[in-house]
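This report is written for a reader meeting the structure for the first time. Please view the sequence and the model together before reading on.

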Amino acid sequence: MSAPLQQHDRKTSEVWKCLASVTDPELDEAVTELGFVEQVTVDDNDGVDIVFRLPTYWCSANFAFLMADDMRKAVSALPWVREARPRLREHMVAEQINRGVREGKPFGEALREFAPGGSLDELREKFQRKAFERRQEFMILALRGVGYEDPAICRMDLRTFDQVDFHAEEVARQKVRYLQILAERDLAALPGDRAFVTYEGRPIRPHEMASHLQRLRGVRINMEFNSALCRGLLAARDGEPDADRAAGTSRGGCGGCGSGCAGQPVASPSVIAEKHSIVPS
Amino acid sequence: MFITPTGEEVFVVDGHTHFWDGSPANQLNIHGKQFIDCFYAYHSSLSPKEQLWPKDQFEKYSAEQMYRDLFVDGPDDMAIVQSTYLTEFYKNGFNTIDRNAEMAKKYKDRFIVNGAFDPRDGEKALEYIHYMKETFGIKGVKLYTAEWKGDSRGWKLTDPNAYRCFELCAKLGITNIHVHKGPTIIPLDKDAFDVHDVDHAATDFQGLNFIIEHCGLPRLDDFCWIAVQETNVYGGLAVALPFIHGRPRYFAEVISELLFWVGEDKLLFGSDYAIWTPRWLVEKFWNFELPEDLKQEHGVDLTPQAKKKILGLNAARLYGVDVEAQKAKLAKTPHVIAAG
């Protein structure tokens, strides 16, 4: 393989890696893992075209805009990229979204009819909270699963949490994501900080744990519903035979459904397998 | 009639069915095509493989086929057929009350035909409610709060025009208000499916029942919260139930939440025909048992009695169906077509 070609491949793969940091705000899962991104092309002038498609023609315009905008920002941040051009296809307002994102317009301007008050920032904030809560539920259940009692979880500091070995790859991956969001939200940074606080930064008392978890479960049930539907609808749209039906795994592997199943001591292995299968099958 | 493995008879009212025409000949534009395509994607992604339909059959099916799928091959005793207009997408509408009533009159005692209205039509909406009551004797309506109309991207149950419609419904005895609060399927602003407006409308119209189709998913927690506060709020299981096949554990979690917050007296079975057919749904639902951990955690159970209520008794109560009398009536009428 010639050197320019190798470099071209390297750039393309850098873009893919970069896109893996962009999440569907509603699902808190990477757009690449969800199978939304169809194609990445790097041209001779270091312009990058990203073609993506959502599960349906009707998918929410504001989420579509958020994702396109996030893709543009993330890819533009690569030092060699001259221009990042996300292109949504087969969507009811694809044209407006593509134009709006390309011209760097705010959402309310690009799609006036879809912004009935309230900014996209508020929406982002709302979904940040959900992402936090879903990741937290996963970790609390995982800790319970390896034998931690609620009082110990409530007072656990970052140092201790960091040292817990869950002996499961998926849990380890989720742990990183939870730590990430704790840091991003400035909820815990120092080794002595509590690892489990509310989104407002308030400690959780042991007697509050049951009701706290009940609420987090509600958040997860809603997100899982979206996630299952989205993946199923996308697979149906792609006209693929649903891979899960045969294989019993989602197409991205067990990709952080965040359901906390690995932490549930009561779940039998078959239940765990079922819970990890994200696409309805 | 559903006969359990132990030979027990269970009366089934399918709370959510459609008789649509989404065929290319009826499509007015790309939106019409994409709408039925999206339904078909729901069908393909959540049905068991052996239940999949070819696309053209899904786009438009005959009255005979619907009858057979629901009542001959299927376990339904009665079905509520909902009306959805979408006249901006389909030349003759998607499934208007006229089309539904025409189909229903061939099959005596089987269908309850529900109407629909759009409060943004103002006076015309009120006139239309009168028309539906006088012509078809409706007892219920199905409402889409997220439908586009001109520049509008949806409406709320609390809009003054909607309140005028509800006042009229209450006066005319149209007591069952089915509201689509679920996943996004038509061009809409997601917020138009927000469930909070149900809270106010249900408080202000105690004489009406609000059946929230799809239980507000993916806003289940909001829906549960409202249903706890309001005695006249019910949950329709369409779309939630098919998860019983591909993701039984997830379905168990959803139904546990619903049993805990909403209760077995206020949940209604619905196949969402023709997105799904009722036979496999009812069979799987009857055989379904809550996992022990969820039973303990929520202190609820999905008993045979609860299943009977959900499958038919609750809807029968809302629509004033005398179950024993209805069973006797249906027993006397042989099926009008041979089983396929």
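How many of the 17 residues of α1(B) are buried? The model examined here is a predicted one. In α1(B), 13 of the 17 residues are buried, so the helix is largely enclosed by the rest of the structure. Helix α1 covers residues 30–46 of chain B, and its length follows from a simple rule: at 1.5 Å a residue, its 17 residues should span 24 Å, and the end C-alpha atoms are 24 Å apart, which agrees.

Chain A contains an open sheet of three strands in the order β3-β4-β5, with mixed pairing. Its edge strands are β3 and β5 of chain A, each of which pairs on one side only. From one strand to the next, the twist averages 15°. Helix α2 of chain A packs on this sheet and touches β4 and β5 of chain A; the direction of the helix makes about 155° with that of β5(A).

| Element | Residues |
|---|---|
| β3(A) | 37–42 |
| β4(A) | 47–52 |
| β5(A) | 83–88 |
| α2(A) | 61–76 |

Strands of a sheet pair through backbone hydrogen bonds, either parallel or antiparallel. Here β3(A) and β4(A) run antiparallel and are joined by five bridges. A:Gln39 has A:Val51, in β4(A), as its bridge partner.

Confidence may be considered last. The pLDDT of chain B averages 92, and 95% of its residues score at least 70. Over residues 185–189 of chain B, however, pLDDT stays under 50; for this stretch the model has 19 contacts beyond four places in sequence. For the complex, the predictor gives an ipTM of 0.79 and a pTM of 0.84.

Methods
Residues are numbered from 1 along each chain as its sequence is written. Chains are lettered from A and ligands numbered from 1 in the order in which they are written. This is a predicted model: local features need pLDDT of at least 70, side-chain atom pairs count only at pLDDT 80 or more; totals for chains, interfaces and linings use all residues. Helices (H or I, at least four residues) and strands (E, at least two) are DSSP runs, numbered from the N terminus. The expected span of a helix is 1.5 Å times one less than its number of residues. A residue is buried if 20 or more other C-beta atoms lie within 10 Å of its own, exposed if 12 or fewer, and partly exposed in between; C-beta atoms are placed from the backbone. Two strands pair if DSSP finds at least two bridges between them. Axes are lines fitted to C-alpha atoms, for helices over the stretch in contact, and angles run from 0 to 180 degrees between N-to-C directions. Two residues are in contact if their C-beta atoms, placed from the backbone, lie within 7 Å. pLDDT is the predictor's confidence in each residue, from 0 to 100.
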